[in-house]
Amino acid sequence: MTTVNQPPRIAVTGSAGNIGYALIFRIASGQMTGGRPVILHLLEIEPMRKVLDAVAMELEDCAFPTLADCVLATDPKPGFRDIDIALLVGSKPRGKGMERKDLLQSNGEIFRTQGRALNENASRDVKVLVVGNPANTNALIASANAPDLDARQFTCMTRLDHNRGVAMLAQRLGCAPADIRKMIIWGNHSSTQFPDPLHCEAGGRPVKADMEWIKETFVPSVQQRGARIIEARGASSAASAASAVIDHIRSWMDGTPPGDWTSAGVAADGSYGVKPGVMFSYPATAANGDWRIVQDLELNDFERSMIAATDKELREERAAIENLLP
Ligand code: NAD
Ligand code: LMR
């Protein structure tokens, strides 16, 4: 395990991919650690070794004062040795016309292998963020295959959806994204996710609910934003995803600000009627390196039915990958 005086070891799988390329330079420059030095562990598959070497050369050429060391690996066992943070990005992205869950079979196996490798090699306090799609169910697979690590150490990323929701609401209200608080993404990082602005505040005041706009425009726009980017770009979001990775880890390590929360995919614990057994995105605060699901929000029938629909999809995804759970 990394000792108090050593820089944290941060692993990024899929380092030579689209998100990897947008992410690792930001981490190396200290943006994830508030300017403190880091040791990067860059993981790829063997056929991408040459590209990974090139990425490492570019990192060297940046001469970042915050990059203390860089470890390259194509085997997760040495690659995950003593790591403090695991960013599990490496996996196939969806193409046009696909749903993220269409990737379950091709990507699920990756997360079984990596869960086992984390269990055996990572720091006992490792914090894991799964980005590779379908992110919730891949995080479930990784966590289930790491029995010696606490399920609370595993999360999946819905921060990009959260940020999208914040940006869209700010645009609608004519304010800055920084003025918006208490956005929520409930459930699956998929087209059944429920982006919920009904608890939001703008400039410290509750936002008046325009239910027609929320149902007809806001919810589908956030749900379909990833697909729109794939349609327009011919590849899935990368820079915004990398930015959301930084945001998620900074919230986890540094805590969420007073009077606000964020959205994170964590192990369901029965809160809001979602039974354990899936990774579910909730409104969550972080303090002392631990997530807490925000409790006791009053939900209306619309919210409850949207939460039930995304929960149902997550149970179906789980049923499709039972073979990858120990
Ligand atoms: P990409 O194809 O550009 O890069 C993926 C990289 O992962 C490739 O370089 C590949 O060689 C590598 N890889 C594959 N298997 C690996 C393994 N077992 N170990 C290490 N590396 C491995 O894809 P991308 O655009 O970077 O997207 C990566 C994943 O992130 C996709 O599944 C995508 O759908 C997902 N994604 C999630 C979110 C989110 O909000 N949760 C946002 C954007 C993208
Ligand atoms: C996104 O939300 O942009 C990513 O999950 C990529 C995708 O498949 O939509």
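Here are some exercises with worked solutions on a predicted model with two ligands.

**Exercise 1. Find which residues are closest to ligand 1, and describe the make-up of its shell.**

Step 1. Start with the neighbours: ligand 1 is surrounded by 25 residues, and the closest are Asn18, Glu44, Lys92, Val131 and Asn133.

Step 2. Sort the shell by class. Around ligand 1 there are 11 nonpolar residues, 12 polar ones and two charged ones.

Step 3. Now look at the domains. Domain 1 (9–156) and domain 2 (159–319) each contribute at least three residues to the shell around ligand 1.

**Exercise 2. Pick out polar contacts of ligand 1, then work out how much of its area the protein covers.**

Step 1. Take a cut-off of 3.5 Å between N or O atoms for a polar contact. With Asn133, a polar side-chain atom is 2.8 Å from an oxygen atom of ligand 1.

Step 2. Move on to His189, where a side-chain N or O atom lies 3.3 Å from an oxygen atom of the ligand.

Step 3. Turn to the area. On its own, ligand 1 has 860 Å² of accessible area, and the protein covers 87% of that.

Step 4. Ligand 1 sits in the largest pocket, and the elements giving two or more residues to its shell are α1 (18–28) and α4 (104–121).

**Exercise 3. List the residues around ligand 2 and explain why it lies between the two domains.**

Step 1. Read off the neighbours. Ligand 2 has around it Arg94, Arg100, Asn133, Leu160, Arg164, His189, Gly226, Ile230, Ser236 and Ser237.

Step 2. Group them by class: two are nonpolar, five polar and three charged. At least two residues of this shell come from each of α6 (159–173) and α8 (225–233).

Step 3. Assign the shell to domains. Ligand 2 lies between domain 1 (9–156) and domain 2 (159–319) because both give residues to its shell.

**Exercise 4. Trace polar contacts of ligand 2, and say where the ligand sits.**

Step 1. Next comes Asn133, with a polar side-chain atom 2.8 Å from an oxygen atom of ligand 2. In Arg100, a side-chain N or O atom is 2.9 Å from an oxygen atom of the ligand.

Step 2. Finish with cover and location. The protein covers 94% of the 260 Å² of accessible area that ligand 2 has on its own, and ligand 2 sits in the largest pocket.

**Exercise 5. Check the backbone at Pro134 and at Ala63, and locate each residue.**

Step 1. Look at the peptide bond from Asn133 to Pro134, which is cis, with omega near -5°. Pro134 belongs to the loop between β5 (127–130) and α5 (135–144).

Step 2. Now turn to Ala63. Its phi is near 50°, a positive value in a residue other than glycine. Ala63 is found in the loop between α2 (49–62) and β3 (67–73).

Technical notes: Residues are numbered from 1 along each chain as its sequence is written. Chains are lettered from A and ligands numbered from 1 in the order in which they are written. This is a predicted model: local features need pLDDT of at least 70, side-chain atom pairs count only at pLDDT 80 or more; totals for chains, interfaces and linings use all residues. Side-chain values use heavy atoms; hydrogens and water are left out. A residue is near a molecule or strand if one of its heavy atoms lies within 4 Å of it. A polar contact is a pair of N or O atoms within 3.5 Å; within protein, one must be able to donate a hydrogen and the other to accept it, and residues adjacent in sequence count only if both atoms are side-chain atoms. Accessible areas come from the Shrake-Rupley method with a 1.4 Å probe; for residues, only the protein chains shown count as cover. On a 1 Å grid over the protein atoms alone, a cavity is a set of points where a 1.4 Å probe fits but cannot get out, and a pocket is an open set with protein on both sides within 12 Å along at least five of seven lines; lining residues have an atom within 4 Å of a point. A molecule sits in a cavity or pocket if more than half of its atoms lie within 2 Å of its grid points. Helices (H or I, at least four residues) and strands (E, at least two) are DSSP runs, numbered from the N terminus. Ala, Val, Leu, Ile, Met, Phe, Trp, Tyr, Cys and Pro count as nonpolar, Asp, Glu, Lys and Arg as charged, and the others, Gly among them, as polar. Domain bounds come from an automatic or database domain assignment.
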